[in-house]
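Please open the model in your viewer and keep the sequence panel beside it. The stops below say what to select next and what is there.

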Amino acid sequence: MQFSASTISLTVADVAASQAFLTTHLGYAVQAEAPGFASLTRPDAVDVVLLARGTEVLPPDQRDQHASGLILAFTLTAGLTEQEQRLRAAGVDITMPLREEPWGERLFQVTDPNGVVIQFVEWVARVAPEGA
């Protein structure tokens, strides 16, 4: 099996709002769009498809569900602090301020207009405690 791309599909109430958020703040480009649908791409990240709630292409038991309980996470090679500052300056609501976890993960989160949690991560080298 060989994949040519990876895509996550998110069911949202307002496709245009999430589309604008991802293109404006995260550099995604529109690959295709129609009423209730947008396909977004970025060469260095997973593609994102946005579907309006109630869309018939979704299985009947999932048509009215909202993208929740998931985090769309992006790992940065560097510049996490600067990205948090850039998004804050652009008026994006930082829903989890920049923090560092004991296992070496630095992260912050934002939430798009439809409630989709987007996390930005940068891994830092951890120094083993003396005597370990």
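Which residues lie nearest the centre of the largest pocket? Select Arg42, Asp44, Phe74, Thr75 and Leu76, which lie nearest that centre among the 15 residues of the lining. A pocket here is an open set of points on a 1 Å grid over the protein atoms alone, where a 1.4 Å probe fits and protein is found on both sides within 12 Å along at least five of seven lines, and a lining residue has an atom within 4 Å of a point.

Before going further, please note that this is a predicted model, in which local features need pLDDT of at least 70 and side-chain atom pairs count only at pLDDT 80 or more, while totals for chains, interfaces and linings use all residues. Residues are numbered from 1 along each chain as its sequence is written, and side-chain values use heavy atoms, with hydrogens and water left out.

**The pocket**

The space in the largest pocket comes to about 320 Å³, where the volume is the space filled by probe spheres set on the grid points, which are joined across faces, edges and corners. Its lining divides into eight nonpolar, four polar and three charged residues; Ala, Val, Leu, Ile, Met, Phe, Trp, Tyr, Cys and Pro count as nonpolar, Asp, Glu, Lys and Arg as charged, and the others, Gly among them, as polar.

**The whole chain**

Zoom out and switch to a cartoon view. The protein chain has two helices and eight strands, and along the sequence they follow the pattern β-α-β-β-β-β-α-β-β-β; helices (H or I, at least four residues) and strands (E, at least two) are DSSP runs, numbered from the N terminus. The C-alpha trace spans about 60 × 40 × 25 Å along its principal axes. Of the 132 residues, 36% are buried, where buried means under 20% relative accessible area, exposed means over 50%, and partly exposed lies in between (1.4 Å probe, protein chains only).

**Helix α2**

Select residues 80-89, which form helix α2, and show the side chains of Leu80, Glu84 and Leu87, which are buried. These three cover an arc of only 70° around the axis, which puts them on the same side of α2; the arc is that of the directions from the helix axis to the C-beta atoms. An α-helix has 3.6 residues a turn, so residues three or four places apart point the same way. The buried residues of α2 pack against α1 (15-26), β6 (94-100), β7 (105-111) and β8 (117-123), whereas the face turned away from the buried side carries the exposed residues Glu82 and Ala89. Just after the helix, glycine 91 takes a positive phi of about 90°.

**The hairpins**

Move to β2 (residues 29-34) and β3 (residues 37-41), which run antiparallel and are joined by five bridges; two strands count as paired if DSSP finds at least two bridges between them. Their hairpin has two residues between the strands, and glycine 36 takes a positive phi near 80° there.

**Two last residues**

Leucine 72 is placed in strand β5 and, at 4% relative accessibility, counts as buried. Not counting residues up to four places away in sequence, leucine 72 touches Ile8, Leu10, Val46, Val48, Val117, Ile118 and Gln119. End at glycine 115, found in the loop between β7 and β8, which is partly exposed with a relative accessible area of 35%.

Conventions: Contact means heavy atoms within 4.5 Å.
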